[in-house]
Amino acid sequence: MSSVHPAVFTIPPHRAFADALAAGLIARFGAAPTGLAHGLVLVPNNRAARAVTDAFVRRSGGGLLLPRLVPVGDPELDERIGGALEPLDDSEPVPPAVEPIERLFLLARLVREQMPNTDAAEGLRLAEDLARTLDQLLVEEIAPERLRGFAAELPDLSLHWQASLERLGVILDAWPRLLAERGRIDLADRRNRLLNGLAGRWRVRPPRGFVIAAGITTAVPAVARLLRTVARLPEGLVVLPGLDAGMPEEEWDSLGPHEPDPITLRRRRAIETHPQYQLKLLLDRMGIARREVARWRWGGGRDAPAVRSRAIAHAMKPAAFTSKWQELRPAERRLTGVRALELADPAQEAQAIAIALREALEAPGRTAALVTPDRGLARRVSAHLKRWGIEADDSAGRPLSEMAPGTLLLALAAAAAEQFAPVPLLALLKHPLVRKGEGRLDWLDGARNLDLALRGPRPAAGLAGVTGHLSDWTGRDREVRKRALAWWQEVRPLLAPLERAFGRDTAPLADLLGVLRESASLLCGDEAWSGPAGRAAADLFTAAEPAAAQSGRLAPASLPALLAQLMSAVAVRPPYGQHPRIFIWGLIEARLQQADLMILGGLNEGVWPQSPAPDPWLAPRLRHELGLPGLERRIGLAAHDFASALGGPEVLVTRARRDARAPAVASRFWLRLEAMTGGLTRSPQHRKWAEAIDRSPGPPKPAERPAPTPAADLRPRRISVTEVDRLKADPFAFYARKMLALPALDEVDADPGAAWRGSAVHKVLEAWMKEDDCDPAQLRPRAEALLRDAAAHPLMRALWQPRLLEAIDWIAEEVAKNRDSGRRPLAAEAKGKCEVGEVSLYGEADRIDLLSDGSLAIVDYKTGTPPGPKAVAEGYSMQLGLLGLIAERGGFDGIEGLPAAFEYWSLARKAGKLGYVASPVGGRSGLDPADFTTVAARNFIAAAEHWLTGAAPFTAKLHPEFAPYGEYDQLMRLDEWYGREA
């Protein structure tokens with residue numbers, strides 16, 4: 001009952017495959033209203049089924065009963081074979097396939113048993129690679145038992161691969177038992193059995209109606225046998241995409257696979273990177289010669305010229321035959337309708353592509369598609385299109401890990417795994433899904449107060465550590481901490497279940513996933529599970545929680561990486577609302593379909609084609625000896641995808657000359673087109689438009705140096721001694737800090753910097769003086785206690801500890817010497833103020849000593865290098881003199897006397913030792929200590945009369961040499977005007 005001559009056809013690249021297929025099937029079987037409905041069309045996967053369905057809709061022009069479109073299934077996409085191919089007779093039932101996620105967890109458990117030091121996330125990654133290797137063995141019908149003897153047969157195999165082979169053998173021995181215990185088989189194995197059974201049934205009893213196998217390029221044995229059967233059915237057809245029927249036999253035979261050499265018995269490697277290799281292998285396994293393949297005579301209605309297919313075939317010749325390009329006539333090497341666009345970087349490439357897509361919409365009914373394997377480029381183009389209100393139909397979707405529900409679950413896991421450190425905690429509490437709705441604004445107010453309160457070094461670990469940090473009201477931010485604490489007391493119970501679950505050394509994965517799910521619902525309600533992404537997350541957890549019982553226990557700290565890996569494999573596609581004429585396709589989505597304008601983006605090596613991913617389980621030599629596909633075969637598939645997309649009516653190929661890190665190498669496909677054609681036609685206007693679209697008209701107008709002049713009644717009449725230098729050197733910074741109330745904020749979870757270290761030392765010295773009466777024996781224990789309790793990274797603490805303790809010992813020794821000479825400390829962290837003209841001057845002295853003659857010494861501690869006499873001579877660094885002025889005027893309660901000494905006690909290194917005393921007056925400075933307060937007062941009065949009680953503008957960076965800090969450089973737009981002044 002089979003046909004003598006197999007019915008195998010091909011649709012060349014210059015024709016839109018799905019449209020040409022639909023046109024031919026309608027012409028051949030659609031005469032009767034229900035003619036098509038009696039047929040069955042086998043397609044590679046679900047995405048191809050959607051493409052063919054859309055093509056039927058376009059070609060029908062009205063109502064149409066479609067044939068059944070059934071995918072043969074793709075194990076690499078975890079797609080099952082279509083239910084229409086399941087046996088319905090009394091034949092032996094095929095066991096169900098193990099669920100993909102359950103299979104992944106089972107394999108991960110086996111991997112971790114063989115590699116005990118592997119964490120959960122790495123075990124899952126290795127399990128994914130193992131699953132791919134196992135699938136390849138199954139689909140190529142290679143018995144895993146063959147691996148057992150390879151280590152003995154290949155003694156020269158490296159030790160690394162021998163160990164990997166040994167582990168793989170143990171896993172593959174245990175794997176069938178695990179499946180048998182569950183009454184399951186592998187998805188690839190089930191697919192093989194169903195396809196083989198179907199081919200056998202159809203050979204005996206052909207189905208009623210026509211059967212078409214369309215667009216299938218995979219050459220695995222089970223599929224090849226099925227297609228061989230379909231090609232010989234009475235009403236069976238096999239339609240292949242883009243078979244090069246005109247390739248010379250010499251080139252065709254060179255592709256392989258080759259027979260073993262009769263002498264060496266070694267096989268010459270096949271050219272698996274060639275776009276025709278997979279089709280040649282499929283025809284060989286079907287037992288069909290290339291000359292038996294006929295051309296499909298129907299077109300798609302929007303086809304390119306036929307010469308395009310010939311030019312594509314020439315461009316993709318095997319490397320050994322590219323010398324024939326020199327013999328081609330100009331018409332055969334010309335790619336009319338194909339233009340090239342080379343941009344500076346990926347950002348400009350995305351902008352140019354978006355402009356080209358937008359331009360296509362100017363023609364009524366015209367469609368355009370970006371085809372790229374680069375998801376980063378696709379996301380950028382999609383974002384640029386929103387400038388014009390265009391929501392592109394991105395059929396590849398986005399990973400769940402990048403969608404709001406996915407990032408929420410990752411934020412929950414990260415916050416708990418890092419013991420609620422400030423950064424992950426705030427990222428969680430500010431997540432857009434948390435308290436979404438009516439109470440969102442109040443929630444954000446509380447989160448922002450917590451943000452302000454957690455600025456600076458990290459508090460102690462855990463929820464209790466955050467509570468303790470907020471309960472410390474000794475700092476300047478005590479009001480913020482009080483507000484944050486009141487809000488935090490309501491939030492903490494919501495996070496307590498997470499802390500309990502993640503507080504153990506190990507925990508069952510299923511329990512951790514359950515706690516994440518419950519915590520997401522506590523914080524977000526139904527918002528966490530709504531919309532396409534929320535439903536995808538719910539489906540993932542529904543499948544993962546029961547399957548995770550197979551995974552055993554793991555360290556909670558490894559859950560974020562494991563969860564991210566699981567969610568990155570889940571693509572979320574919006575169900576509706578996309579533009580009907582603008583598409584973004586991955587390589588799989590672009591197979592079998594074309595648009596009027598095809599933009600092939602990201603044509604750089606490593607992107608298109610992507611670099612082959614190494615197989616961590618089987619060495620390349622082992623794969624070759626087993627007969628498995630080489631790692632380079634994916635390059636051949638990418639080449640076929642490129643050649644098919646290049647057949648569009650109008651094509652624009654693009655690349656960026658560099659990526660985010662370094663100059664990029666042009667794709668081998670790009671270089672082939674350039675070499676064969678002598679240079680592709682360029683499309684310069686899109687590059688010019690991309691450069692101009694965000695450029696302001698006319699020459700740029702940089703900002704002028706800011707110099708605000710507020711009214712006199714708005715200017716402050718109260719100033720700290722530490723702010724005087726800022727007022728004189730950078731008046732704008734003073735204006736921003738004091739009048740605009742924009743204090744510089746510390747980083748969240750900041751490493752303890754110089755300011756923090758200085759404050760910590762000041763606290764130690766203050767407590768030592770007030771509580772220990774400067775007992776030298778008590779200072780070092782206090783410093784050691786600071787180091788034990790300091791919220792610092794252990795490495796930083798270890799580096800700072802020797803330096804601090806040596807400097808602390810020096811202070812204790814100096815104070816003891818001073819006491820012996822009659823000098824004693826009088827006050828620590830003494831606050832004082834006085835009126836100077838119309839301005840109130842206030843400050844805090846680190847220490848005030850009483851000298852033997854009854855005069856005072858003003859002491860300031862410095863963890864770094866103190867100001868020198870040069871700054872004082874210029875009228876800056878007058879802090880000690882101004883503190884002396886306050887003391888001179890009786891501004892410190894309980895302290896009387898005239899200041900006679902002004903000292904910086906620095907903990908920096910000098911002359912090989914840590915710790916020394918320096919004074920800004922006396923000695924080489926030329927300034928008598930007795931005159932220091934007078935000079936300081938005169939300088940201060942001049943500054944106050946100029947800016948505080950006068951009308952002078954607060955000019956930015958007036959004296960930049962004395963304004964080293966840059967907290968307000970961005971606010972003053974420093975880079976726009978600094979150095980431009982005439």
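Colleague: Which residue stands opposite L856 in strand 21?

Modeller: This is a predicted model, in which local features need pLDDT of at least 70 and side-chain atom pairs count only at pLDDT 80 or more, while totals for chains, interfaces and linings use all residues. Residues are numbered from 1 along each chain as its sequence is written, and side-chain values use heavy atoms, with hydrogens and water left out. Strand 20 (residues 839-850) and strand 21 pair in the antiparallel sense over four bridges; strands are DSSP runs of E with at least two residues, helices runs of H or I with at least four, both numbered from the N terminus, and two strands pair if DSSP finds at least two bridges between them. In this pairing, the residue opposite L856 is L850.

Colleague: Which residue in the turn of the hairpin formed by strand 20 and strand 21 has a positive phi?

Modeller: Five residues lie between the two strands of this hairpin.

Colleague: Which residue in strand 22 stands opposite D860?

Modeller: Strand 21 (residues 856-862) is mostly covered, with six of its seven residues buried (buried means under 20% relative accessible area, exposed over 50%, partly exposed in between, with a 1.4 Å probe and protein chains only). Seven bridges join strand 21 to strand 22 (residues 899-910), and the two run parallel. Within strand 22, the residue opposite D860 is Y904.

Colleague: Which strands stand at the edges of the open sheet of six strands?

Modeller: The strand order is 3-2-4-5-1-6, with parallel pairing. Each edge strand has a single partner, so one side of each is left without a neighbour in the sheet; these are strand 3 (68-71) and strand 6 (294-295).

Colleague: Which residue of strand 5 is the bridge partner of A213?

Modeller: Strand 4 (residues 211-214) and strand 5 (residues 236-241) are joined in the parallel sense over four bridges. The bridge partner of A213 in strand 5 is V238.

Colleague: Is helix 22 largely enclosed or largely open, and how many of its ten residues are buried?

Modeller: The buried residues of helix 22 are L559, P560, L562, L563, Q565, L566 and M567. Helix 22 (residues 559-568) is therefore largely enclosed by the rest of the structure, the number of buried residues being seven.

Colleague: How many residues apart in sequence are the parts tied together by E141 and R225?

Modeller: E141 forms a salt bridge with R225, their closest N and O atoms being 2.2 Å apart (a salt bridge is a side-chain nitrogen of Lys or Arg within 4 Å of a carboxyl oxygen of Asp or Glu). E141 lies in the loop between helix 4 and helix 5 (150-153) and R225 in helix 8 (residues 221-231), so the separation in sequence of the parts they tie together is 84 residues.

Colleague: Which residue forms a salt bridge with E342?

Modeller: E342 is partly exposed, with a relative accessible area of 23%. The closest N and O atoms are 2.3 Å apart, and the partner of E342 is R655.

Colleague: In which helix do D129 and R132 both lie?

Modeller: The side chains of D129 and R132 meet in a salt bridge (2.4 Å, N to O). D129 is buried at 10% relative accessible area, whereas R132 is partly exposed at 41%. The two residues are three apart, about one turn, in helix 4.
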